Amino acid sequence: MSRPQEPHQPFFPFGNPFRMLSPKGSHLSKKLLLQLNTFEENLAERLRNLNPKDKNDILSLSWMKSAMESLCNTHNDIKDLIFELELPVSDWDEKWIDVYLDISVNLLDICIAFSSELSRLNQGNLLLQCVLHNLESASSNVFIRASSSLDSWRQHINAKNPRLENCFTILDKLEASLDLPKVKNSAKGKVLMRAMYGVKVQTVFICSVFAAAFSGSERKLLHLRVSEKYKWAQDFTDLQGNINGEIRNIFSSGGVKVLKELEVVDTSVKKLYPMIQEGVDLVEVEEAFQNSVSDLGRGTEKLMQGLDLLSKEVDGFFQIVLTGRDTLLGNLRSNGALSDTMLDVA
């Protein structure tokens, strides 16, 4: 898989995974096919539900919360599938384990980066609350303090978060490792790897969208190509086209704030700032001034609520990944199957 501007490369450099699913002597039973179909149909439905009918909902904090919640459900589904397959860790190929452990440690780092950015944005809200509090005061230097707080907010909100740069590096690594490892003589293993591929695609896509939104840059927005033979392929392609297309439209039209709620607050700040800085006679513009203050208050409250809810979902995803990883490592240790290679990423 590659971005549009890169030279075309074969989608499956290690062979067609569907050919690998049903080679001679490894026919999938009706039970295994049912389990796989159920997983893929659930994934397809989740992807459809993430595709908003109104483009204005794209990259709102409520949509991002839904996207992270969807990702949590998919990762829970893969855990349930492993249980239903009755595939003990002792039967896992070392390559499958390496794939799982490598993905999980990278996802934990991404979650830490996202949590860091959400915390940074929440810190900016404290400055906006100072502005609103100052404007309620009758003090003679109220505008000086409010103007100073708005200046600080602008500097804070436009600052770069170094953890996001590391996030881009990790996403590049995950994108490069999307291809399925070969599975031999294990029908259950083939089902597991095909399901894990779907998990990886959804995860990398959503994380890349979050990274682009938080960084305010489309530079690292990924474009993943998925074979039409997957049940969820068309739903993913539609979702990716709409979300990526809207992000690019925002930047091409000169927008700098991708998060919808943050954009609303930024617009309110731009309206209010000159009124405060110029110290105009508020008798002439009192209504416009009060409306701007009210707009900023409502926007700040909605931004705070959205950031809090999204932070909880990111924390929840972190716990799901961490729990799954710890469970696998615990089983490997109890079975004496933890190799030196696995210990490097444990």
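Modeller: Let's start with how the chain meets itself: residues 24 or more positions apart account for 82% of the contacts in the chain with a separation of 6 or more, where a contact means heavy atoms within 4.5 Å. This is a predicted model, with residues numbered from 1 along each chain as its sequence is written. Local features need pLDDT of at least 70, side-chain atom pairs count only at pLDDT 80 or more, and totals for chains, interfaces and linings use all residues, while side-chain values use heavy atoms, leaving out hydrogens and water.

The chain has 11 helices and 0 strands. Both are DSSP runs numbered from the N terminus: helices are H or I with at least four residues, and strands are E with at least two. Of the 346 residues, 51% count as buried, which is to say under 20% relative accessible area; exposed is over 50%, and partly exposed is in between (1.4 Å probe, protein chains only).

The part I would pick is helix H7, residues 187-215. H7 is mostly covered, with 28 of its 29 residues buried. Its end C-alpha atoms are 42 Å apart, in agreement with the 42 Å its 29 residues should span at 1.5 Å a residue; the expected span is 1.5 Å times one less than the number of residues. Just after H7 comes Gly 216, with a positive phi of about 70°.

A nonpolar core is a set of buried Ala, Val, Leu, Ile, Met, Phe, Trp, Tyr and Cys residues joined through side-chain atoms within 4.5 Å. In soluble globular proteins, nonpolar side chains tend to be buried together. This core has 109 residues, and those touching the most other members are Met 64, Phe 114, Leu 192, Phe 210, Phe 214 and Trp 232. Follow Met 64 as an example: leaving out residues up to four places away in sequence, Met 64 touches Leu 59, Phe 210, Ala 213, Phe 214, Leu 259 and Leu 310.

Leu 59 deserves a stop of its own. It lies in the loop between H2 and H3 and counts as buried because its relative accessibility is 0%. Most residues other than glycine have a negative phi, yet the phi of Leu 59 is positive, near 65°. In the loop between helix H2 (30-49) and helix H3 (61-84) you also find Ser 60. Ser 60 has a relative accessible area of 7%, so it is buried too. Its side chain reaches the backbone oxygen of Asp 57 at 2.9 Å. That is a polar contact, meaning a pair of N or O atoms within 3.5 Å; within protein, one must be able to donate a hydrogen and the other to accept it, and residues adjacent in sequence count only if both atoms are side-chain atoms. Ser 60 also touches Lys 260 and Glu 261, again not counting residues up to four places away in sequence.

Back to H7, which is among the helices that cover the buried residues of helix H8, together with H2, H3 and helix H9 (260-278). Among those buried residues of H8 are Phe 236, Leu 239, Ile 243 and Ile 247.

On a 1 Å grid over the protein atoms alone, a cavity is a set of points where a 1.4 Å probe fits but cannot get out, and a pocket is an open set with protein on both sides within 12 Å along at least five of seven lines; lining residues have an atom within 4 Å of a point. Grid points are joined across faces, edges and corners, and a volume is the space filled by probe spheres set on the points. H3, helix H4 (94-135), H7 and helix H10 (282-334) each give two or more residues to its lining. Met 196, Val 199 and Lys 200 are among the lining residues, although H4 gives the most, with 4 residues.

The largest pocket holds about 360 Å³ of space. Ile 157, Lys 160, Phe 214, Ser 215 and Gly 216 are the closest to its centre of the 22 residues that line it. H4, helix H5 (142-158), helix H6 (162-176) and H7 each supply at least two residues of that lining.
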